[in-house]
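Here is a short report on a protein model. Look over the sequence and structure first, then read on.

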Amino acid sequence: MTTTTVARTETSWETVIGLEVHTQLRTASKMFCRCPADYAAAAPNTYVCPLCLGMPGTLPVINRTAVEWTIRTALALNMRIPELSKFDRKNYPYPDLMKGYQISQYDMPLSEGGWMDVEIDDLGRQRIGITRVHLEEDTARLLHRENEAGERFSLVDVNRSGVPLMEIVSEPDMRSPQQARQYLVQLRQILRYLGVSTADMEKGSFRCDANISLRRPGDEALGAKVEIKNMNSFRSVQRALEFEQLRQAAALEAGETIAQETRGWDEEAQVTVSQRSKEAAHDYRYFPEPDLPPLQTAAETVEAIRAALPELPAARRARFEADYGLQPFEAGLLTEEPAPAAWFERAVASLGDDVPAGLPRGIATWFVGELTRLMHDAKPPDTLETIVVQPAQLAGLVQLIDAGTISNTQAKDVFAEMYASGEDAEAVVERLGVSQISGEDALAPIIRQVLEEHAQAAEDYRGGKAEALKFLVGQTMRLSRGQANPAQASELLRAALDDTAE
Amino acid sequence: MSDSQASAAETFSADQVRHLATLSRVGMTPQEVEGFRAELASILSHIQALAAVDTEGVPPTANGADLLNVQAEDDARPSLPVEAVLANAPQREADYFRVQAVLDSS
């Protein structure tokens, strides 16, 4: 049975995973020429110059911003920045390279030896080594076609060729597909915080190849590794690794050896398929790019870039928990992207310097709850850029709840109005005539009526049946059409019942 | 032929020529392999003359010019018109270069 195989192999084999990520930099121009780099909406072959085409006599010039952003990324990943770096030619004949080689970095990358802490709720924090972050150029896009005669051919769009591409290589430090996925989630988050890449896997600006091998727990040596390609989402990375983990374990259990090969993920069939096991080891014949002088990065430059780093996701999450008393899941949701975190902080800031404890948490609760729900339910779904309700207005609503002016239930209706109209909370409360009945005088007649109508329940409570009080509070809420303050109603009911008991 | 040329020629094998030809996607007849073997060996032995220079204490470099940090600002400029881009295309289809199928799933 499959389940028993899974259980057994999981204990007999240790999974070893390393990831290689390629992410496009969102610079204005390409890596080595000044053609526009934002090709997503461009017609085919319109962002192309003689250099992109590999014409004789053209010379590449390094994009300064691309270098700076790569160093910025490297510093966020705790990398060392060597003083000297250079570019190399990686030679291979393929129609996606007009020159017949890709300009990349071989033995002197822009950065080396960093790490990232990967956090999974039930597994805790694990430090994953990062071997290098280097800079290279993207290749042309190939479209594979077949015509009516059954003839197969490929079409080349050179627009993508030469777009700055950052390669981020991890150490084989990951031990599960879930951890590999979390590494990618956090890496993408960092790239977006840094503003250097859109890092969108579905749109191809963030791509991942995974290396996976199995070994006996305690073994030092790595098993034969399989490289998996063609995964278009975080979920497919995890699925492909899970599939490969089982495939390799089953093969090893059966006494087979694992072929060192490249396999492609087949999303439809949810399996990996051998791609080119017969091909000999790559022979890229790297050599230094003679057209590009080396890069020298002064220590002061590195420190200036480091000083300008924004607050990174992990630090912001920790600060939100510590400073605002948020739960880890709330802090996690709010800091997933820079925009929600900024919106939340604008709301908190609108409360002034002396923020009463509990209000930021209240704002967070409303943000991840009602606000997120309303944005999601809108057709088409809203974003923080499209909504009319402002951060300070949500803060105002939370203040009214905190002051006891309106109940949580009423606040939901008020907020729905605010969301639709962009009015302040107080204006909506006024307009709808909602307010919580919380004065003793206002509540007293209602409570009297409840006790009269539900004498039996009152009797039960006096007889020691504590749950009866809940029923009476419920009746009070009903009679007040939700406008009573439940805590106060409960208190007043208890006082009234105790009085009459004596 | 000098001694060093002869030794380089001997160390450059027909297999190496064929390997290079494969990597470059160039077809070669046995006669061409032999011709290139001799020619490449001769080029290599010529370059071998550099080995006579004493480079003790000289750091390696890949660039002849004494330059560092030649970079351009990240300002996008217009590209070529698409007709110019495709002017030399051996085969085109709409506004694409058309090439032989590169992924054979068989």
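A:Leu155 stands opposite B:Arg98 in β3(B). This is a predicted model, where local features need pLDDT of at least 70, side-chain atom pairs count only at pLDDT 80 or more, and totals for chains, interfaces and linings use all residues. Residues are numbered from 1 along each chain as its sequence is written, chains are lettered from A and ligands numbered from 1 in the order in which they are written, and side-chain values use heavy atoms, with hydrogens and water left out.

**Strands across two chains**

Strand β9 (residues 152-157) of chain A and strand β3 (residues 96-100) of chain B run antiparallel and are joined by 4 bridges. Two strands pair if DSSP finds at least two bridges between them. Strands of a sheet pair through backbone hydrogen bonds, either parallel or antiparallel.

The open sheet here has 4 strands, in the order β8(A)-β9(A)-β3(B)-β2(B), with antiparallel pairing. Its edge strands are β8 (141-146) of chain A and β2 (92-93) of chain B, and each pairs on one side only.

B:Asp95 sits in the loop between β2 and β3 of chain B. The cut-offs are under 20% for buried and over 50% for exposed, with partly exposed in between (1.4 Å probe, protein chains only). B:Asp95 touches both chains: A:Pro44 and A:Asn45, then B:Val82, B:Glu83 and B:Leu86, not counting residues up to four places away in sequence. Contact means heavy atoms within 4.5 Å.

**Strands within chain A**

| Strands | Bridges | Residues standing opposite |
|---|---|---|
| β6 (residues 111-120) and β7 (residues 124-137) of chain A | 9 bridges | A:Met116 and A:Ile128 |
| β7(A) and β10 (residues 164-170) of chain A | 7 bridges | A:Val133 and A:Ile168 |

β6(A) and β7(A) form a hairpin, with 3 residues between them.

**Cores**

The largest nonpolar core has 75 residues, and A:Ile168 and A:Tyr183 have the most contacts inside it. Another core lies apart from it, with 39 residues, among them A:Ala341 and A:Phe344. Such a core is a set of buried Ala, Val, Leu, Ile, Met, Phe, Trp, Tyr and Cys residues joined through side-chain atoms within 4.5 Å. Leaving aside neighbours within four places in sequence, A:Ile168 is in contact with residues including A:Leu19, A:Leu77, A:Val133 and A:Tyr183.

**Helix α11**

Helix α11 (residues 408-421) of chain A has 14 residues. From first C-alpha to last it reaches 20 Å, close to the 20 Å expected at 1.5 Å a residue. Among its buried residues are A:Val414, A:Phe415 and A:Met418. The buried residues of α11(A) pack against α9 (359-377), α10 (391-402) and α12 (425-432) of chain A. A:Gly422 follows α11(A), with a positive phi near 80°.

Which elements each supply at least two residues of the lining of the second largest pocket? They are β6, β7, α3 (177-194), α6 (313-324) and α7 (328-335) of chain A. α6(A) gives the most, with 6 residues.

Technical notes: Expected span 1.5 Å × (residues − 1).
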